[in-house]
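Dear colleague,

Please find the structure below. My notes on what was found in it follow.

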Amino acid sequence: MSNIGRYFRKILCTFTDPRFYSNYVHLPDSDETPQTIRNNTRLYPFFKDALGAIDGTHILCSPSQDERAAARNRKGLLTQNCLMSCDFDLRFLYVLSGWEGSTADSTLYYNARQKDFPIPQGKYYLADAGFPLCPELLVPYRGVRYHLQEWRQSDRRCVYLSPFED
């Protein structure tokens, strides 16, 4: 095993150790609106109950020959699908890793909620359309194309304005 492999394994073991999780990984205080939301007039009061964002991400992997079919994602790559949530300061709040690349985000979310991902009553995460419609997630309406007016103005250059800057 190469040095890089050994170091990666050591880091992975450290981050998955229960002592590390109990000391350093915490869900946000559910009673307080994040400062990023509270101090921005474009976001407050609309997102005052949002805890952060949640999404699945695919990480390349090298499974054994027997596990390759399950690890192949919809784009044909061999990956693990990981569910991650972060707050508005881009700090990770929750990570569920190790699922096959063929697993849907909604399945990861269901499993996380059943095991160890509590979401306080009245609070929610922002999510994409791959997640179920439920009170704990704010997902876009299916079949609605957003920002059509902006795209119709093809002669204008699109400038991204961060919602986190006032």
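Contact here means heavy atoms within 4.5 Å. This is a predicted model, in which local features need pLDDT of at least 70 and side-chain atom pairs count only at pLDDT 80 or more, while totals for chains, interfaces and linings use all residues. Residues are numbered from 1 along each chain as its sequence is written, and side-chain values use heavy atoms, with hydrogens and water left out.

Asn73

Asn73 sits in the loop between helix 4 (68–71) and strand 2 (79–86); helices (H or I, at least four residues) and strands (E, at least two) are DSSP runs, numbered from the N terminus. Beyond its neighbours within four places in sequence, Asn73 is in contact with His58, Thr79, Gly101 and Ser102. Its relative accessible area is 10%, so Asn73 is buried (buried is under 20% relative accessible area, exposed over 50%, partly exposed in between; 1.4 Å probe, protein chains only). A polar atom of the Asn73 side chain lies 2.9 Å from the backbone nitrogen of Lys75.

Aromatic pairs

There are 3 aromatic pairs in the structure. Rings of Phe, Tyr and Trp (its six-membered ring) pair if their centres lie within 6.5 Å; planes under 30 degrees apart count as stacked, over 60 as edge-to-face and the rest as tilted. Tyr94 and Phe117 have ring centres 4.4 Å apart and planes at 35 degrees, so this pair is tilted. Because Tyr94 belongs to strand 3 (residues 92–100) and Phe117 to the loop between helix 5 (105–115) and strand 4 (124–126), the pair ties together parts 23 residues apart in sequence. Phe117 also forms a tilted pair with Tyr125, at 5.4 Å centre to centre and 35 degrees between the planes. Tyr94 and Phe117 are both buried, and Tyr125 is buried as well. Tyr94, Phe117 and Tyr125 make up one aromatic cluster.

Salt bridges

With a salt bridge taken as a side-chain nitrogen of Lys or Arg within 4 Å of a carboxyl oxygen of Asp or Glu, the count is 5. Asp49 bridges to Lys48, with the closest N and O atoms 3.5 Å apart, and to Lys123, with the closest N and O atoms 3.6 Å apart. The Asp49 and Lys123 pair links distant parts of the chain, 74 residues apart. Lys123 is buried at 10% relative accessible area, whereas Asp49 is partly exposed at 25%. Glu136 forms a salt bridge with Arg113, the closest N and O atoms being 3.9 Å apart.

Regards

Technical notes
A polar contact is a pair of N or O atoms within 3.5 Å; within protein, one must be able to donate a hydrogen and the other to accept it, and residues adjacent in sequence count only if both atoms are side-chain atoms.
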